Amino acid sequence: MFDYERLSDDVKIAVSGDHTFGTDAVILAYFAKIKRKDRALDMGSGCGIIPFLWLRDKSQSAVHCLDIQENAIEQIRESIKINGFEERLFPHLCDLRKIGDEFKAEGFTLVTMNPPYKPINTGFESLSESARIARHEVCCNIEDAVRAANYLLTYGGRFSMCHRPERLVDALAIMRQYKLEPKRLRFVCDKEGEEPFLLLVEGKKGAKNFLRVEPDLIIKNSESKFSEEMLKVYGSYADGYEDKVR
């Protein structure tokens with residue numbers, strides 16, 4: 001039913017045809033810069049890749065995640081079981097559009113989300129319902145995610161999200177509307193000099209206006225191998241997988 005992907009010597013994750021992960025989620029986990037004492041929640045977690053990457057650090061405080069799909073939550077529970085993370089990761093079957101039904105307000109210091117990128121009825125829609133929900137704004141859009149993050153975060157808490165560059169104006173405007181002031185912005189390019197294919201943005205609840213645009217994150221060097229920073233992004237996931245990432 002599941003395959004298992006090694007994230008470190010001590011952590012592995014269940015993946016399936018319905019719920020797996022890609023580079024965007026790995027980069028978002030890195031960009032979010034979780035602190036060991038953060039009360040963190042990953043929304044729309046899918047297979048749970050972002051929390052499991054964080055929990056490679058044995059000193060990391062417990063993490064929560066949510067997803068609207070029951071098969072995703074079941075898959076995360078399988079990963080929790082095989083890693084013995086019953087006291088470290090807490091999954092929630094939850095519609096983030098009804099976030100108040102599951103969580104009290106202002107309970108987290110960090111919230112992340114790798115949201116669906118495509119509006120409904122645009123692009124090629126997968127025949128798989130799970131993939132359609134993950135890729136298209138069927139169950140949530142940028143505003144739904146930002147509204148939920150605003151509800152969940154304490155004053156000064158951080159919300160980190162990735163999206164496509166063409167949605168940058170939408171993302172920044174909606175974040176400011178919901179009092180999550182954009183503070184960090186970074187673009188991701190496949191190679192130096194190419195147009196970015198991904199944006200990363202962090203908003204801080206209740207913060208003053210000041211946006212720092214960080215240097216582009218470059219995936220591959222001139223030899224089409226992972227850049228030095230990308231090896232840091234993957235961390236222990238890259239160990240033993242040189243053929244995949246170098």
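Predicted model: local features only at pLDDT ≥ 70, side-chain atom pairs only at ≥ 80, totals over all residues.
Close-up 1. Strand 7 supplies the largest share, with five residues.

**Close-up 2. The second largest pocket holds about 170 Å³ of space.** Its lining is made up of 14 residues. Closest to the pocket centre are Lys35, Gly156, Arg158, Glu202 and Lys204. What kinds of residue form the lining of the second largest pocket: nonpolar, polar or charged? Eight are charged, four are polar and two are nonpolar. Empty space like this is found by rolling a probe the size of a water molecule over the atoms.

**Close-up 3. Glu106 has a positive phi.** The value is near 60°, and the residue is not a glycine. Most residues other than glycine have a negative phi. Where does Glu106 lie? Look in the loop between strand 5 (89-93) and strand 6 (108-113).

Close-up 4. Lys179 sits in the loop between helix 6 (168-177) and strand 8. Is Lys179 buried or exposed? Lys179 is exposed, because its relative accessible area is 60% and exposed means over 50%.

How values were computed: Residues numbered from 1 in each chain as written. Heavy atoms only, no water. 1 Å grid on protein atoms, 1.4 Å probe; cavity = no way out; pocket = protein on both sides within 12 Å on 5 of 7 lines; lining within 4 Å. Points joined across faces, edges and corners; volume = space filled by probe spheres on them. Helix = DSSP H or I, 4+ residues; strand = E, 2+ residues; numbered from the N terminus. Nonpolar A, V, L, I, M, F, W, Y, C, P; charged D, E, K, R; others polar. Buried < 20%, exposed > 50% of the residue type's maximum accessible area, 1.4 Å probe, protein only.
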